[in-house]
Amino acid sequence: MSGNSAQGPLALWFLNSRVEIRRSSAEAPDGLCVMEHHLPFGDSPPTHVHKNEDEVFHVLEGAVRVRVGGRETIALAGDTLVGPKGVPHSYRVESPEGARVLVMTVGPDFEGMVREFARPAEADGRPAAVEVTPEMAEALAQVCLKHNIELVGPPLAA
């Protein structure tokens, strides 16, 4: 399973964002996965906990409010934050133009969840915005559990 090909990284549409798998966890013995997320303004996943993986966020462009445990901070381009395994965390894109963030994990869980829930990107850029339905939210929760990620709270509010 490779994130990169001769044409470049594998591009997926994951809900309202574009995810490019720059390095798959299966590509080397260390299991490091690097994904580039192109996120729209206001994007916020449900608060969640990874059982097996720390989640490292490195902001390339934009402003992202990150909550880890009970602490919130605004991360700007060049900032790196960690959502440690076992600690509830989420983020919300605060910049009107959206954000671009590298997300790194070690192990197959997060990458597997993204691959299973996403669909191939049909064009450059992000997908057309969709409203997350209760059925989509339940399906996401089930896929997350399958990959050792538990949804424990709502997305971050404005």
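Which residue forms a salt bridge with Glu61, and how far apart are the closest N and O atoms? The first legend answers this, after a note on the model. This is a predicted model, in which local features need pLDDT of at least 70 and side-chain atom pairs count only at pLDDT 80 or more, while totals for chains, interfaces and linings use all residues. Residues are numbered from 1 along each chain as its sequence is written, and side-chain values use heavy atoms, with hydrogens and water left out.

**View 1. The salt bridge of Glu61 with Arg100.**
Glu61 forms a salt bridge with Arg100, and the closest N and O atoms of the pair are 3.2 Å apart; a salt bridge here is a side-chain nitrogen of Lys or Arg within 4 Å of a carboxyl oxygen of Asp or Glu. Glu61 belongs to strand S6 (residues 55–61) and Arg100 to strand S11 (residues 99–106), so the pair ties together parts that are 39 residues apart in sequence. Helices (H or I, at least four residues) and strands (E, at least two) are DSSP runs, numbered from the N terminus. Glu61 is partly exposed at 42% relative accessibility, and Arg100 is also partly exposed, at 21%; buried means under 20% relative accessible area, exposed over 50%, and partly exposed in between (1.4 Å probe, protein chains only).

A search of the whole structure finds 12 salt bridges. In one of them the side chains of Glu72 and Arg65 meet at 3.2 Å, N to O, with Glu72 partly exposed at 34% relative accessible area and Arg65 buried at 12%. The side chains of Glu94 and Arg92 also meet in a salt bridge, at 2.8 Å from N to O; Glu94 is partly exposed at 25% relative accessibility, whereas Arg92 is buried at 9%. Salt bridges that share partners join Arg18, Glu20, Arg22, Glu36, Glu61 and Arg100 into one network.

Strand S7 (residues 63–68) and strand S8 (residues 71–76) pair in the antiparallel sense over six bridges, where two strands pair if DSSP finds at least two bridges between them. The hairpin has two residues between the strands, and Gly69 takes a positive phi near 60° there. Arg67 has its place in strand S7, is partly exposed at 31% relative accessibility, and has Glu72 as its bridge partner in S8. Leaving aside neighbours within four places in sequence, Arg67 is in contact (heavy atoms within 4.5 Å) with Glu72, Pro88, His89, Ser90 and Leu156. Arg67 and Leu156 are 89 residues apart in sequence, and their C-alpha atoms are 8.3 Å apart in space.

S2 is mostly covered, since five of its seven residues are buried. Trp13 has Arg18 as its bridge partner in S3 and stands opposite Arg119 in S12; S2 and strand S12 (residues 119–120) pair in the antiparallel sense over two bridges.

Most residues other than glycine have a negative phi. Leu15 has a positive phi of about 55° although it is not a glycine, and this residue belongs to the hairpin of S2 and S3, which has two residues between the strands. Asn148, likewise a residue other than glycine, has a positive phi near 65°. Asn148 is found in the loop between H2 and strand S13 (149–153) and is partly exposed, with a relative accessible area of 27%.

**View 2. The crossing of helices H1 and H2.**
The axes of helix H1 (residues 109–117) and helix H2 (residues 134–146) come within 9 Å and cross at roughly 145°; axes are lines fitted to C-alpha atoms, for helices over the stretch in contact, and angles run from 0 to 180 degrees between N-to-C directions. Met113, Glu116 and Phe117 of H1 make the contact with Met136, Ala139, Leu140, Val143, Cys144 and Lys146 of H2.
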